[in-house]
Amino acid sequence: MPIDSSTQVSGQTVCVTGAAGFIASWIVKFLLEKGYSVKGTVRNPDDPKNAHLRELEGAKERLALCKADLLDYESLKEAFNGCDGVFHTASPVTDDPVSLFNNIFEKMLEPAVIGTKNVIVAAAEAKVRRVVFTSSIGTVYMDPNRSPDIVVDEHCWSDLEYCKNTKNWYCYAKTVAEKAAWEEAKARGLDLVVVNPMLVIGTLLQPTYLTGSVKTYANSVQGYVDVRDVALAHILVYETPSASGRYICADSDSIIHRGEVVETLTKFFPEYPIPTKAKPYKYSNHKIKDLGLKFTPVRQCLYDSVKSLQEKGHLPIPTQNQSNFNIN
Ligand SMILES: NC(=O)c1ccc[n+]([C@@H]2O[C@H](COP(=O)([O-])OP(=O)(O)OC[C@H]3O[C@@H](n4cnc5c(N)ncnc54)[C@H](OP(=O)(O)O)[C@@H]3O)[C@@H](O)[C@H]2O)c1
């Protein structure tokens, strides 16, 4: 879905936490294209991994990188000062649960939960108009007692005991964090809107990416969504006055088996491998579609992801030229 430049916004300043991340980089890019002034928080503004942000169109004039850590309340308060809105995307994301094993609290729970509370409290204190929080489908669907015939929608919540018992610390942390965000926002009268994306794939703006394996995902069926659609969904719910509550973010036919993913990729790029089949779940995405978001087809997202990884040097370029492959 292309950015709608006919709705240029000027004079608004917004803050994006974790600005150099995979999703946040696209949010920053689109916000700048729309004319916003952006304050992006990063842990170290001098780190070369943030350099791509300074190259974005409009960055020289309207992007300021601010040093902030989710566990440093004062740094967040400083970053949100003078902002009309906040996009809270920063949170630990890992595809390597082994490295988490002995440090679940410090590495995952503390930054996700305490960090989110800090963001909400600091945003309320800075009197921002709206906070958009990047949650996850992981806060919605992890419930073994839900019948597979039930359509999963924004009313559903993951079962915390189940996440804990299955050691899915990412979903556990995001669920506790989202619940905390709702509680803190309600207590402070802060306008909060939440986006719950499925697994985000697509073109990278930033130079680095996670290096682990998809083996770490609990389900062999998974919903996928293009990073640009997720970024646009954030801006859409920020800009639509009537937007409220949670928004599941993925296309309705994007839930596919990992085998199908690899099968699709193998067609595009024959040198990559394949696994087995399982039953998909059903979910509703009509809330975000009703706001006007048009999703990129999952095959296109998969293709773009691999091309992007190749372009950034994270995957070897195939020896034969497959660029003429028809993705439709
Ligand atoms: N990728 C997905 O499939 C997906 C799906 C659903 C939801 N989400 C959510 O989307 C958000 C962004 O994810 P992403 O995929 O874009 O991940 P990402 O590229 O790893 O970005 C995460 C960002 O959070 C920052 N961060 C982590 N801990 C922090 C702390 N203590 N203080 C300040 N910043 C901190 C990181 O900064 P450093 O670079 O300094 O570490 C990084 O910029 C997360 O909230 C994630 O849960 C992601």
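Reply: Two strands pair if DSSP finds at least two bridges between them, and strands (E, at least two residues) and helices (H or I, at least four) are DSSP runs numbered from the N terminus. This is a predicted model, in which local features need pLDDT of at least 70 and side-chain atom pairs count only at pLDDT 80 or more, while totals for chains, interfaces and linings use all residues. Residues are numbered from 1 along each chain as its sequence is written, and side-chain values use heavy atoms, with hydrogens and water left out.

Me: OK, how do E8 and E10 pair?

Reply: Strand E8 (residues 221-226) pairs with E10 in the antiparallel sense over three bridges, and Val-221 stands opposite His-257 in E10.

Me: What order do the strands of that open sheet have?

Reply: The order is E7-E8-E10, with mixed pairing among the three strands. E7 and strand E10 (255-257) are at the edges with a single partner strand each, so one side of each has no neighbour in the sheet.

Me: Which helix lies across E7, E8 and E10?

Reply: That is helix H12 (residues 298-311), which runs at about 75 degrees to E8; contact here means heavy atoms within 4.5 Å, and angles run from 0 to 180 degrees between N-to-C directions, with axes fitted to C-alpha atoms, for helices over the stretch in contact.

Me: Switching to the sheet of seven strands, what is its pairing?

Reply: The pairing is parallel, in an open sheet with the order E3-E2-E1-E4-E5-E6-E9. Strand E4 (residues 85-88) is joined to strand E5 (residues 130-134) by four bridges, and the bridge partner of His-88 in E5 is Phe-133.

Me: And the ligand, how many residues surround it?

Reply: There are 24 residues around the ligand, the closest being Phe-22, Arg-43, Thr-89, Tyr-170 and Lys-174, where a residue is near if one of its heavy atoms lies within 4 Å. Helix H1 (22-33), helix H8 (169-188) and strand E7 (199-201) each supply at least two residues of that shell.
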